[in-house]
Amino acid sequence: MSEKQTGESAGRRARLRAAVALTLFALLAAVLIAYPPDDLYLWIKALHIIAVISWMSGLLYLPRLFVYHTDAPVGSAQSETFKVMEQRLYRVIMQPAMGLAWLLGLYLAWSVYGFQGGWLHAKLAFVVLLTGVHHYYGRAVKAFAEDRNTKTGRQWRFWNEAPALLMILIVVLVVVKPF
């Protein structure tokens, strides 16, 4: 019989694997900054894209978990499993990915663009909104953990669209640079 993946032991192993991955990611970034290759910009940009993809994956998946969690009876095994999934996704993947996306993104905005350009200012405004959505989801994770969710599955479906819309706006600004 296999071990439950929602147990404390599995959680410790998942946290350890995530910590190792984050440490390796941070070490690579530190080495690149300390010993910059000729193409440092491309390396930092690649790491930034990886962090953004990881963050967006969580922002798009977490509200879907909320939709399903609203259908689970309070105190049921299913509800408790959703709590573990939501907390691990938010704390182990989304929080570090958001921090790295911001750190690397600000480095790129400063080192490449000198924080100049209307498109960059608009992009940063949308990223601030995306960060607000992230923290809103964090409060929801806590509410679900305490069995205090007041939103319906339909409302969480609506919230599932917010990060997708912001992502589209951000990508268009970065690629097209319309102003």
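This report walks through the helices, the packing and a few single residues of one predicted model.

## The overall picture

Let's start with the whole chain. Its secondary structure comes to 5 helices and 0 strands, so if you read from the N terminus on, the elements simply run α-α-α-α-α. Along its principal axes, the C-alpha trace spans about 55 × 35 × 20 Å.

The chain has 179 residues, and 35% of them count as buried. Now take the contacts between residues at least 6 apart in sequence: 73% of these join residues at least 24 apart.

## The nonpolar cores

The largest nonpolar core holds 35 residues, and the members that touch the most others are Trp55, Leu62, Phe66 and Tyr137. Who supplies this core? At least two residues come from each of α1, α2 (40-71), α3 (77-111), α4 (118-145) and α5 (153-176). The largest share, 11 residues, is from α2. As a general background point, nonpolar side chains in soluble globular proteins tend to be buried together.

There's also a second, separate core of 5 residues, and its members include Trp119, Leu120, Ala122 and Leu173.

Tyr137 is worth a look on its own. Leaving aside neighbours within four places in sequence, Tyr137 is in contact with Leu59, Leu62, Pro63, Phe66, Tyr90, Met94, Trp156, Trp159, Asn160 and Pro163. Two of the core members named above, Leu62 and Phe66, are in that list.

## How α1 meets α3

The axes of α1 and α3 come within 10 Å and cross at roughly 10°. Angles under 35 degrees count as roughly parallel, so that is what we call α1 relative to α3.

Which residues do the meeting? From α1 you get Ala10, Gly11, Ala14, Arg15, Ala18, Leu22 and Phe25, and on the α3 side there are Arg88, Val92, Pro96, Leu100 and Leu104. Sorted by type, the residues of this contact divide into 9 nonpolar, 1 polar and 2 charged.

Zoom in on Gly11, which sits in helix α1 (residues 8-34). Is Gly11 buried or exposed? Gly11 counts as buried because its relative accessibility is 1%, and the cut-off for buried is under 20%. The C-alpha atoms of Gly11 and Arg88 are separated by 8.1 Å, although these two residues are 77 apart along the chain.

## A stop at Thr131

Thr131 is found in helix α4. With a relative accessibility of 12%, Thr131 counts as buried too. Not counting residues up to four places away in sequence, Thr131 touches Trp55, Met98 and Trp102. Trp55 is a name you've already met, as one of the residues that touch the most other members of the largest core.

## The last helix, α5

How far does α5 reach from its first C-alpha to its last? With 24 residues, α5 reaches 35 Å, which is close to the 34 Å expected at 1.5 Å a residue.

The buried residues of α5 are Gly153, Trp156, Asn160, Pro163, Ala164, Leu166, Ile170 and Leu173, and these pack against α2 and α4. Among them, Trp156, Asn160 and Pro163 are in contact with Tyr137, while Leu173 belongs to the second core. Just after α5, Lys177 takes a positive phi of about 50°.

Methods
Residues numbered from 1 in each chain as written. Predicted model: local features only at pLDDT ≥ 70, side-chain atom pairs only at ≥ 80, totals over all residues. Heavy atoms only, no water. Helix = DSSP H or I, 4+ residues; strand = E, 2+ residues; numbered from the N terminus. Buried < 20%, exposed > 50% of the residue type's maximum accessible area, 1.4 Å probe, protein only. Core = buried A, V, L, I, M, F, W, Y, C linked by side-chain atoms within 4.5 Å. Contact = heavy atoms within 4.5 Å. Axes fitted to C-alpha atoms, helices over the stretch in contact; angles between N-to-C directions. Parallel < 35°, antiparallel > 145°, perpendicular 65-115°, else oblique. Nonpolar A, V, L, I, M, F, W, Y, C, P; charged D, E, K, R; others polar. Expected span 1.5 Å × (residues − 1).
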